[in-house]
Amino acid sequence: MDFDTVIHSGRIATAEDVFTGDIGIKDGRIAALGEKLSGGAERIDAGGRIVVPGGIEAHAHIAQESSAGVMSADDYYSGSVSAAFGGNSAFIPFAAQHRGQSIDEVLDTYDARGQRSVLDYSYHLIISDPSEQVLAEGLPQAFARGITSFKVFMTYDLMNIGDEGMLDILEVARAHGAITMVHAENNAMVKWMNRKLADRGLTAPRYHALSRPELAEAEAIHRAIQLAKLADAPIFIVHVSTEAGADIVRREKFAGAKVFSETCPQYLALTRDDLDRPGMEGAKFVCSPPLRGPETQAALWHHMAQGTFESLSSDHAPYRFDETGKFLNGADAPYPKIANGMPGIAMRLPYLFSEGVMAGRITLERFVALSSTNAAKTFGCTTKGRIAPGMDADIAIWNPEAEWTVTQADQHDNMDYTPFEGMRITGRPETVLSRGAAVIRDGELQATEGQGRFFARAPVDMSGIPAVSGPEFDRACNFDTELR
Ligand code: DUC
Ligand code: ZN
Ligand code: ZN
Ligand code: ZN
C-alpha cells in the first residue's frame with residue numbers, strides 16, 4: 001500500500017500487549033500494522049523508542065471561567081500545545097454552565113473557543129442548574145451534539161446541585177447512554193470547617209487542606225454511588241484524592257456498580273506540606289480536593305496498579321501566581337479566596353511514565369490503559385485510544401531513556417509556575433501525531449493553530465461491567481428497563 005507515513009521498528013504498546021513492528025498511516029488513519037512495511041512518503045525511525053496511542057486528557061479546565069469568575073490562564077491554543085508536549089493527541093476539557101445559562105448558549109461559547117485547538121477535542125458539560133428546561137431539552141440537545149458526559153458538583157454553593165438534582169441528571173443520562181462525572185466532597189462539612197477555621201483566624205494556605213477533610217470526600221463518594229445505583233446510571237468519580245475514597249470506589253465497582261474513576265498526579269507526587277511553603281508560595285498548591293499526606297500516595301499507587309482507576313488525569317486548572325489568577329482577591333487573600341487549582345497537563349504522562357513504568361509500579365500496558373485507551377472507552381471516543389487498523393493515527397513516540405529535570409519552560413503553557421518544578425523524570429514524548437499529522441516532531445512544535453477538530457462522542461462503553469439485577473427504582477416505578 002502507498003502509505004503517507006510509516007513509523008518503523010518501534011516497540012508498540014497497547015493496553016493488552018507490547019510488540020515490535022511498523023505502523024502504516026494513510027489519510028489520517030492507521031492503515032496497517034506489520035513488519036518491514038514498505039513505501040511511505042514519510043518515514044519515521046522509531047528504533048529504541050516506545051510507540052503508544054496518544055494520550056487522551058479527560059480532565060482539564062481550558063478557557064473556562066470558574067464560578068468565582070476567574071478565567072483559566074490557558075485557552076484552547078496554549079492548552080492544547082501544552083497537552084501535546086505532554087504526549088497527548090486529544091483532550092476533553094469542560095464546557096461550564098453557569099446558573100441561568102441555556103445549554104445551547106454554553107456549547108456555542110465553547111465551540112468558538114475550541115477553534116484555536118491544535119489537538120482534537122470534545123468537552124464534558126458541567127451542569128450547575130438542572131432546571132426543567134435543561135433536563136427536558138438542554139441535555140438531549142447536548143447529547144445530539146455528541147456530548148455524552150456531564151459533570152456535576154456536590155460542593156461549592158454556586159455549583160452544588162443537591163442529591164435530587166443529581167438524581168434528575170442521572171436519570172436523563174441513563175436514557176441517553178451518557179456518563180455523569182461528579183466532584184464528590186460534602187459541602188456542609190467543608191463549609192463548617194471553613195467557619196471553624198475563620199473563627200480562629202486560621203486563613204493561611206496550609207489551612208486549605210484541613211478545611212476539606214478526607215471524610216468529606218469519602219462520604220460524598222459513597223453517597224454519589226448510591227444515587228447512581230438508585231438511578232441505575234453509570235457514574236465517574238473525578239480526582240479521587242483519599243485512600244478511603246478509593247477503597248469505596250473499588251468495593252462498589254467489584255460488587256457490580258457502574259462506577260468509573262480517576263486520580264491525578266498531584267495526589268501521587270505532592271503532599272499537604274507543599275501548602276506550607278514560605279510566604280504565599282503555598283497558594284501554588286491550593287487545589288480541591290486538597291493535597292493529602294504521604295501515606296495517601298502509597299495507597300493511591302496501589303489502587304492505580306490494581307485497576308481501581310480507569311484513568312490518571314491532570315485536572316489542569318491553570319491560574320497564574322499573580323493578580324489575574326491565584327491572587328485575584330488580593331496578594332494575601334485568605335485560603336478560601338485563592339483561585340483553586342493547579343496546572344499539569346504537560347506533566348501527567350511524563351510523571352506516569354517515569355514514576356509508574358520506569359519505577360516498576362505499573363506495566364507499560366497499564367500506562368496505555370490509564371493514559372488513553374480507558375478514557376476513549378469511558379467517554380465514547382470510538383476512533384481514538386488504540387493502535388489498530390482503522391483507528392485515527394493519534395500516536396505518541398517516547399524516548400524511554402531521556403532524563404530531564406522539570407522546569408516551567410518545558411510546560412509550553414500560559415502559566416508562570418509548575419508545581420512539579422525540579423522533579424527528575426525519565427522518559428519523554430518526542431513526537432506526537434494527530435490524525436497522522438505531526439503536532440510535535442522530535443521535540444519541536446509543528447502544529448498550526450486550529451488544526452484540531454471537535455469530535456462527537458458515542459455513549460459510554462460499559463462492556464466489562466458486570467450486569468446487576470434491576471434497580472429498586474425500576475421495581476418501584478415500573479420504569480422502562482430497556483432504556484439503558
Ligand atoms: N474541581 C476541579 O475539578 N478542578 C479544579 C477545582 C475543582 O474544584
Ligand atoms: Zn520497518
Ligand atoms: Zn472538581
Ligand atoms: Zn477539575
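Q: UniProt annotations may be inferred rather than shown by experiment. With that in mind, what feature does UniProt place at residues 50–436?
A: The unreviewed entry puts "domain: Amidohydrolase-related" there. Keep in mind too that the structure itself is a predicted model.

Q: OK, how much helix and strand is there over residues 50–436?
A: That stretch is 37% helix and 16% strand. Its end C-alpha atoms sit 17 Å apart.

Q: And how many helices and strands for the protein chain?
A: There are 13 helices and 19 strands in the protein chain.

Q: What about overall dimensions, what does the C-alpha trace span along its principal axes?
A: About 70 × 60 × 40 Å. The radius of gyration is 22 Å, which agrees with a compact globule because one with 484 residues would come out near 23 Å.

Q: What share of the 484 residues is buried?
A: Buried residues account for 55% of them.

Q: And the contacts between residues at least 6 apart in sequence, what share joins residues at least 24 apart?
A: 77% of those contacts in the protein chain do.

Q: Now sheets. What is the strand order in the open sheet of 7 strands?
A: The order goes β8-β10-β11-β12-β13-β14-β15, and the pairing is parallel.

Q: Which are the edge strands?
A: β8 (94–96) and β15 (311–312), each of which pairs on one side only.

Q: What joins β14 to β15?
A: 2 bridges, with the strands running parallel; β14 covers residues 259–263. Glu-262 has Ser-311 in β15 as its bridge partner.

Q: Which residue in β16 is the bridge partner of Ile-50?
A: That would be Trp-398. UniProt's domain feature at residues 50–436 takes in both numbers.

Key:
Residues are numbered from 1 along each chain as its sequence is written. Chains are lettered from A and ligands numbered from 1 in the order in which they are written. This is a predicted model: local features need pLDDT of at least 70, side-chain atom pairs count only at pLDDT 80 or more; totals for chains, interfaces and linings use all residues. Helices (H or I, at least four residues) and strands (E, at least two) are DSSP runs, numbered from the N terminus. The radius of gyration is taken over C-alpha atoms; the globule rule is 2.2 Å times the number of residues to the power 0.38. A residue is buried if 20 or more other C-beta atoms lie within 10 Å of its own, exposed if 12 or fewer, and partly exposed in between; C-beta atoms are placed from the backbone. Two residues are in contact if their C-beta atoms, placed from the backbone, lie within 7 Å. Two strands pair if DSSP finds at least two bridges between them.
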